[in-house]
Structure formats: structure tokens, C-alpha cells
There are 2 protein chains.
Amino acid sequence: MSVDSSRMEYRAVRKAAMSLSLLSDDERSAMLLRMADGLQRNRDRIFQANGEDLAQAVSGGTPDALLHRLKLDGSKLEGALEGVRTVASLPCPVGRVRERRLLDEGLLLEKVTYPIGVIGMVFEARPDALIQIVSLAVKSANGIILKGGREAMRTNSVLVEIIRESLDGAPFLMLLSSHSDVDTMLSMEGDVDLIIPRGSNAFVRYCMDHTHIPVLGHADGICSVYVDRSADLDLAVKVAVDSKVQYPAACNAAETVLVHEGIAGDFIPAFRAELDRYGVIIHADDRSLAILGGESGNVVRALEDDFHTEFLSLQLALKVVDGIDEAIAHIASHGSHHTDAIITSDETSRRRFFSEVDSADVFSNCSTRFADGFRFGLGAEVGISTGKIHARGPVGLEGLTTTKWQLSGSGQTVAEYSGSDARRFMHKDLPL
Amino acid sequence: MSVDSSRMEYRAVRKAAMSLSLLSDDERSAMLLRMADGLQRNRDRIFQANGEDLAQAVSGGTPDALLHRLKLDGSKLEGALEGVRTVASLPCPVGRVRERRLLDEGLLLEKVTYPIGVIGMVFEARPDALIQIVSLAVKSANGIILKGGREAMRTNSVLVEIIRESLDGAPFLMLLSSHSDVDTMLSMEGDVDLIIPRGSNAFVRYCMDHTHIPVLGHADGICSVYVDRSADLDLAVKVAVDSKVQYPAACNAAETVLVHEGIAGDFIPAFRAELDRYGVIIHADDRSLAILGGESGNVVRALEDDFHTEFLSLQLALKVVDGIDEAIAHIASHGSHHTDAIITSDETSRRRFFSEVDSADVFSNCSTRFADGFRFGLGAEVGISTGKIHARGPVGLEGLTTTKWQLSGSGQTVAEYSGSDARRFMHKDLPL
């Protein structure tokens, strides 16, 4: 497809999204229920297409982990449809008044949430992600340009077909098919307002480097747990272990554990004993290696690179630090500004960590794995952002909105408020 | 300066900004008062440097408008220092709790405002802008990399000198001197968090096109006033005239006036009579030209380009439309999503305009010139953004902040909240 013809299609998506935004929240929620029902009724078509995708993936030698994500079975579909119904029941994210100020009698200013416009979303193998993404777009009245993984092409096409059947053609939705379409999308400044990539770090980085459109997401998730001198030992072991092993492939799993030298002699052996139960490989710096009695079993000597690595597996880097200053400095130079936790019973340490660690999420005395839109109670998760602009950390439906200033007057000119006998503004904040 | 040595200096600015953020708001406000006093005490040094800049500019044949902006006299300096003291008195923009949610007993989540980090700001001739920008950075605890206009180099250097003398060296502040430094800054992804350009449209566009760092600002300000059929005639003339003539060089001045055909015969002659008093040149489309009796005096036939032009002077483009649909469509295809106003006494028209015009500011029955941080009651204006991400429309100090999620636990692991006998989250919103 040429860039020019794409641009026309993108603009048609924007126009359809505008129509969507003129519906009431009840109408958009009803659409979501129709969509869920349609997908449920047509589950056999979905499973058949998914079976074909799976068969081709198997014959192509696709790794098991990817096959697992590609497979859309009954329980995964049920989960996705329950998600759609949950999104339908959430409060309406658009049209909310965030500020209301009487500038003067008869001159009312309101800052109101508003759909962003057109979202470009690229996701990997999982076809259930498509269902979730479309439901978020409908609820927030945004147009959506989707590009799924090549492996899931048949499944995704059938899902979109059924969604179109259920929602009068769903013109606010466009499904891209080729990789070159992604590059076209990345060049559509002005016609796409926000790019949300979900995929490998390398892919997210590729998107960030190849577009002037804002990108919501995170490339790396190098999260650290710092065990302060004052930490409760049992609590520290429990939380640090959970941060690593509860789901090691997640972006919010800990990759590095930093330990205050004053507690290292007690903490490190206890920590190792627990990690051994899960078969976690420890990349230990010299000081922790000395405490661990040298390389042996799951313990290897850390290379400097290990402290810059997102293992995404049962491995971690371990380092003894002189104190909280070194821990904070280490996180600043090695972390990815995603999620970092301190284990401490000292309030001053907690405060310092919260103030000085410049990450989207800073935690005390709990697992880094809590960094998640559902656990945070955001209702639905759009993604996790390590950018500082727009939205940071786990992002809910709010991340698919912008705001608009609405000013309703009764004939006011700026000339009246200028010069020597100028009228003065009231600037009276009103309740929301 | 090489990119690598720049990077080291930028990181020193970030570190100093972190120290700034650890001060209390009272301490930062006291710094602002010290800075204002220092500038006041050293006004003669400032005026002397500014005199040298002016002399060189005059001898170089600089146009009057630019000389006017370059000149920093007693009253401009007083105004700027009053601005600094006002910023000192504003509520603290950082450390504000935006959300507070008890995820479970002993597991408290807070979303807190936080400085963005390092702001890169480029501004044109006006040296008083430097004073304002530094005051905003100090108040919000951000580091700031500044590049002023070449014409104002001596004045800016002296201003920074005095600020450094007043604020223990002000290490959170860096002044760039060459144009190539701007390109270096635009390449400093990761070391600069936000670029705020203030200058010509072409310059803002240049910044947007040459960086992957988010840019807060607007290139064009093509604002429209639409006079609906139901408009009060006198009110429409008064507001439309103010939108154009009150300060034509501003980004929020109207460039296009669209008139419903049902009121055009009455409105256009009355509007022209007022515009003639100010010598405004009207670029009229065929239908309005017919009402105006053809080209004559200040009336010329509009070219299509005139409806895409930001005149920034006493000129406007005038068009008769069939109704609100055509007006909305015209604004979508010709406007710059900055500020657009409807003049109407029909509530349905007002609502449609507010919903369907996708601009940062949508106004009814008042001048587009109200689009301004001070008039909006934001306390201080960082800039006006036509982007939809982060901040839109006039942006106050809030635009120099991001947020951070802080989660304080007491030993919680995600494992406890997973699986068949999982603990359930409370997700109880607490008052702010």
C-alpha cells in the first residue's frame, strides 16, 4: 500500500473515531458487550483459524514459548471476553472535567478529558491481546491501527472479521498485515497520535528510534531490589525471591539485588538457600562471591555486563554496596527507570530512596512484581511507560485520553482585560 | 564542545537538579527571591550589557520589531522580577499526591508529582524570557539547559552570571552559546527529558523534526472564528475583531473567519466596517467577496493558500460556509489544532463545536486571545502545546512535572495474590 493511500485510510479511521466519540458511554459499552457476544458465538471460527496458525507455526519449528502465546484456547478466550466485559463496566474515561474555573462572570473555563484520536498498536504473537486492545480503544473512543504478529495472521483476521460483523463494520479499526506497514505507520506523524508497541525490547527500541510520533512503552526492564542494613531479614528474603521468581519473564521482575554490607553476611546465605530451591543462577560480584564461598553450583562470578542485563529468566546479578548512596547511584547508572524497591525498616532510608530514585515505580518492602495496572487498581492496563511525558508507570485507560480546554463566554474580548482600566479576572476555582 | 563532554556536563546538571528537588518548596522559593534581589541590585550591569547588544544589533541593521524585543529596560526588568516573585508564591508543583489507593492492608499506593528532570529550552531575542524560564525551573526543581538568541548573548551571559552569584553557582543551569549546541541538545535523548522551543514556527518545526526527545510547543497557530447562523450580531463583530486585532502577532490571534451563509449578509458588512478602522486586509473567498462588492480598498480575493496561512499581522481570510458541518470540516483540514471559537446562541451548535473540533482550546462567544496561561489562571505559563501527549493548550508549572508511583508495603509478595487461594486486593481509594 502506498503512503498516500495509507494516509487516506488512516484519515478515514480518524473520522470514524470522531463518530465513536459522539456516542454516549452507554452506547460504547453496549458495543463492547455485542463484540464479546459475537466473539463467543463464533468461537469455533476463531479456534479453527488459530489451529491453522498453530499448525503452520509448528511446521516452521516455532519455539514452544511462542506457540504457547500463539494458542487461543477456550479458557484464554473466556478470559479475554471477561476482560472486554470488565472494560465495558469501567467509568467513562472521556468527558471528565479535570479543572473548572470561573475566569470572570459568564466566562467559564473547563479542562475536559478527550480521546487522543488515533492509536497505532503493534503487538506480538498473542491474539488475545487484539481483543483487549480493541476494547480499550472502543471504551475511550479512539481509532486504532493494529499490527499483530505474522504467526497469528489468520487468527487476527478472523477476530477482526467477527468484530466488524458485530459492530457495523467497525470503521474505527484497521488491521495491518505486512512489516512494511509498520514503517508506514511510524511515518504517519499527524495521522497517528500515539504508538503503543508491545513486543521485544529490540522492537520497542526500533519504534522509538524510527518515529517522531510519541511512543508509550518501555524498552528495558532492569529492576533492582536494594536490601538496606535495617531490613527485616525474613521479609527481605521473601520479597527479593518473589521479585525474581514469581514470573521471571516479566518486565517488572528483579534483575539485580543490591545488599548493604552491614547485612550482607546474614542476608546473602539465606537468600541463596531460597534461590537454590528455584534453581536461580546468581551472578555475584567479588564481595558477595566471598560471602558465598566462591563459584560453585548456581553461583558464578558477575561480569560488569550482568548489571546491565535484563535476564528475563531464572538468573540475577548480586552486589554488595557500602550503603544507600551507592545503591541509588548504581540504580541511576544501571537501571532502566522502570521499578525499583528498597527493603528497609528505616523511614529515612525509605524517603531517600523514594525521592532520589528516578524511576516510574519506587517501592518499599514489597515485590517489584506489583508494578502492574490490574494490581494498581487501574481497571485495565494499556501498557507500562518508562517515559516521563504523558503517562508514567502502569497506564490505565486514562493513557488513551488527552485533555481539551473549553471556554464558554458571553461576548468577552481580551481588550477589556488589557490596558490601564482593565477588568480583572476572578479566577475562581469551582468544584468538579 | 564534543558530544561526549556535553553529555558529562548535562549529567552534572541532572545531578544538581536532583539536589534542588531535595530542598523544601520554601527553600526553592527563597532562592527565587534571592535571585530577584540579585538581578535588581545589578540592574546597571544588565542594562550595560543589553546596551552593547542593542548597539551591535542596530549597526547590523536588525529590524525594529526585533530590537524592541531585545531591549531590556527598567520597566521590562521590573515586570520580569515581579514574575519571579509571583512564581515564588505559587503552590509547590512537586510532591503533590494525585492518587492514593490502599491496595490491601499495609500496602499503600500513591501517585506523586515529580520534576521531569532536565528541560532544554531555546528562546529567541527576548532576554526577559531567560529570567522567567529559570524561575519556573527552580520552582519545579528541574535542571535547565538554555539557549538564547545570538543577538542577546551579552545580556544573557550577564543575567546568568548574576543568577550564579545569587544562587551558589546555580549548577542546575547551563547556558549554551552556539547554534551547533542546539543540535547537540536535540541529540541528547536520555539526558534531556523535554525540549521547549520558543521561537519562529520554522524553528519549532525544526526542533520537532530533529529530535526523539518530546517537544512541548506549537509550530503554527492558525486559529479560526466561526460565526454561526444564530450568533448575536454585535457580539460576533466585537469578538471576531478582538480575536484579530488585539495583538495580531500572537499565536492565538484569529487568522480565519468562517461565516454561516444565513448570517453572512448581515455580519460581513458590519465586520468589514470595524476591520477597516484598524486597516485589516481581508482575503475574501468568492461568496464573501460578492457580499463585499468585489475587490476594493482592504478587500482582496482569497487564494487557497490564504486559508493555510498564519498571517501574524493585520490580515485575515474570510469564507462563507453552508453551515456548522462545513465550518468543522474546514477547521479540521486547515487549522493547526490550537484555538478555535464559535459565536453562537444555539446550545446544540456550541456542543457540537466543542465535541467535534479537535483543538487544544475550543471557545464559545469569546475571543481566541484568551488562550493564555495567565488568563486561564495557571499562575505561570510554560508554553502553549498543540501536542496531545503530556500537556495540551496553555501549560502551567504542572507541565514541568511528571508523576511517580510510590508503593509502601510490609512484606507483600505477588505470589500471595496469585493462584487458586489468592488474597484479593482491596483497591480502596483514599482521600487526597
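Reply: Happy to. A pairing of two strands requires that DSSP finds at least two bridges between them. In this predicted model, A:Leu407 stands opposite B:Phe363 in E13(B).

Me: What makes E16 of chain A and E13 of chain B partners?

Reply: Strand E16 (residues 401-412) of chain A is joined to strand E13 (residues 361-366) of chain B by 5 bridges, and the strands run parallel. Pairing needs at least two bridges, so 5 bridges between E16(A) and E13(B) meet that condition. Both strands belong to an open sheet of 11 strands with mixed pairing.

Me: Why are E17 of chain A and E10 of chain B said to stand at the edges?

Reply: Each has a single partner strand, so one side of each is left without a neighbour in the sheet.

Me: Why are H10(A) and H11(A) called oblique?

Reply: Their axes come within 10 Å and cross at roughly 40°. Roughly parallel would need an angle under 35 degrees, and roughly perpendicular 65 to 115; H10(A) and H11(A) are therefore oblique to each other. The crossing is right-handed. Residues in contact include A:Ala236 and A:Ala240 of H10(A) and A:Phe267 and A:Phe271 of H11(A). By class, this contact has 11 nonpolar, no polar and 2 charged residues.

Me: How do you know that the two copies are related as by a two-fold rotation axis?

Reply: Chain A can be laid on chain B by a turn of 180° and a shift of 0.0 Å along the axis, with an RMSD of 0.1 Å. The copies are thus related as by a two-fold rotation axis. In chain A, A:His390 has the C-alpha nearest that axis, at 1.8 Å.

Technical notes
Residues are numbered from 1 along each chain as its sequence is written. Chains are lettered from A and ligands numbered from 1 in the order in which they are written. This is a predicted model: local features need pLDDT of at least 70, side-chain atom pairs count only at pLDDT 80 or more; totals for chains, interfaces and linings use all residues. Copies are superposed by least squares on the C-alpha atoms of residues with pLDDT of at least 70 in both. Axes are lines fitted to C-alpha atoms, for helices over the stretch in contact, and angles run from 0 to 180 degrees between N-to-C directions. Helices (H or I, at least four residues) and strands (E, at least two) are DSSP runs, numbered from the N terminus. Angles under 35 degrees count as roughly parallel, over 145 as roughly antiparallel, 65 to 115 as roughly perpendicular and the rest as oblique. A crossing is left-handed if the near helix is turned anticlockwise from the far one by less than a right angle, and right-handed if clockwise. Two residues are in contact if their C-beta atoms, placed from the backbone, lie within 7 Å. Ala, Val, Leu, Ile, Met, Phe, Trp, Tyr, Cys and Pro count as nonpolar, Asp, Glu, Lys and Arg as charged, and the others, Gly among them, as polar.
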